[in-house]
Amino acid sequence: MSPVNFKDFLTAGAFLQTSPDQFKILIGPFKSADTSAFQSSKSNTFLYTADFWDFADKSEINAQNPVYIADAAHTLSREDFIGLLSTYSKSIPELNWKSVQESGFREQYEQSFEAFKKGILKKTVPIILQESQASLSFENKVYILEMLLQNKNFGWSYGFFNGSRGMIGHTPESLIIWNKKNQVAET
């Protein structure tokens with residue numbers, strides 16, 4: 001992966017940790033993919049941006065297509081990923097975190113409980129996102145990614161960003177399991 005490609009990744013990119021020290025890197029710009037392309041393609045890497053709680057109200061139709069095709073995809077080791085990040089200036093973002101709302105967790109828990117009773121779900125993990133509104137600069141993204149990658153906590157790191165909007169996170173839960181033989185993804 002060239003430094004030019006990596007700069008494009010920092011502008012519009014996504015990443016998913018695939019093993020303790022390996023990451024799949026997707027470089028935008030991302031193009032919307034219809035489901036037929038998603039099902040028939042064997043050569044493209046796709047990005048699925050799910051609303052984790054979309055099961056809660058199936059009557060509401062989401063007009064946004066959650067499947068995208070990346071312009072390019074690469075695999076990087078943790079060491080190479082950190083090495084590329086270290087070539088850029090970084091700065092600590094000034095974040096003003098909002099309070100976590102217990103009501104959101106409680107609502108997810110109650111929806112999950114009902115879905116268990118109806119047999120719609122077998123497992124779920126209610127989540128709460130702690131949010132901050134801030135202008136996330138290029139240098140801020142470099143800092144956040146470098147700090148995340150240098151900390152080798154158990155779990156899986158991931159992120160998706162396009163310009164100054166996006167999400168970067170880390171979870172102990174498996175995000176996706178791909179069965180090559182059956183061509184099935186479980187999430």
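Visitor: Which residue in S5 is the bridge partner of Tyr48?
Guide: The structure is a predicted model, in which local features need pLDDT of at least 70, side-chain atom pairs count only at pLDDT 80 or more, and totals for chains, interfaces and linings use all residues. Residues are numbered from 1 along each chain as its sequence is written, and side-chain values use heavy atoms, with hydrogens and water left out. Strands S4 and S5 (residues 67-69) run antiparallel and are joined by three bridges. In S5, the partner of Tyr48 is Val67.

Visitor: Which strands stand at the edges of the sheet, each with a single partner strand?
Guide: Strands of a sheet pair through backbone hydrogen bonds, either parallel or antiparallel; here, two strands count as paired if DSSP finds at least two bridges between them. This open sheet has three strands in the order S3-S5-S4, with antiparallel pairing. One side of each edge strand is left without a neighbour in the sheet, because each has a single partner; these strands are S3 (31-32) and S4 (46-48).

Visitor: How many helices and strands does the protein have?
Guide: Both kinds of element are DSSP runs numbered from the N terminus: helices are H or I with at least four residues, and strands are E with at least two. By this rule, the protein has five helices and 10 strands.

Visitor: What share of the residues in the protein is buried?
Guide: A residue is buried under 20% relative accessible area, exposed over 50%, and partly exposed in between (1.4 Å probe, protein chains only). The protein has 187 residues, and the buried share of them is 25%.

Visitor: Over what arc around the axis of H1 do its buried residues extend?
Guide: Helix H1 covers residues 3-11, and its buried residues are Phe6, Phe9 and Leu10. The arc is taken from the directions from the helix axis to the C-beta atoms. These three lie on the same side of H1, because they cover an arc of only 95°.

Visitor: Which helices are included in what covers the buried residues of H1?
Guide: The cover is judged by contact, meaning heavy atoms within 4.5 Å. Strands S1 (12-19), S2 (22-27), S6 (72-77) and S7 (156-162) take part in it. The helices included are H3 (78-85) and H5 (138-150).

Visitor: Is Val142 buried or exposed?
Guide: Val142 lies in helix H5. Not counting residues up to four places away in sequence, Val142 touches Leu10, Leu85, Tyr88, Ser89 and Lys90. The C-alpha atoms of Val142 and Leu85 are separated by 6.1 Å, although the two residues are 57 residues apart along the chain. With a relative accessible area of 0%, Val142 is buried.

Visitor: Which residues are linked in a network of salt bridges?
Guide: A salt bridge is a side-chain nitrogen of Lys or Arg within 4 Å of a carboxyl oxygen of Asp or Glu, and the whole structure contains five. One of them joins Asp21 and Arg78 at 2.8 Å, N to O. This pair links distant parts of the chain, Asp21 being in the loop between S1 and S2 and Arg78 in helix H3; Asp21 is partly exposed at 36%, whereas Arg78 is buried at 7%. The network consists of Asp21, Arg78 and Lys152.

Visitor: How far apart are the closest N and O atoms of Glu102 and Arg106?
Guide: Both residues lie in helix H4, four residues apart, about one turn of the helix. Glu102 is exposed at 51% relative accessibility, while Arg106 is partly exposed at 44%. In their salt bridge, the closest N and O atoms are separated by 2.4 Å.

Visitor: What accessible area do the residues of the nonpolar surface patch have together?
Guide: A patch is made of residues with over 30% relative accessible area and no salt bridge; like charges are joined within 9 Å, and nonpolar side chains (Val, Leu, Ile, Met, Phe, Trp, Tyr) within 5 Å. Ile128, in the loop between helix H4 (102-118) and H5, is partly exposed at 36%. The members are Val100, Phe105, Tyr109, Phe113, Phe116 and Ile128. By the Shrake-Rupley method with a 1.4 Å probe, where only the protein chains shown count as cover, their accessible area together is about 540 Å².
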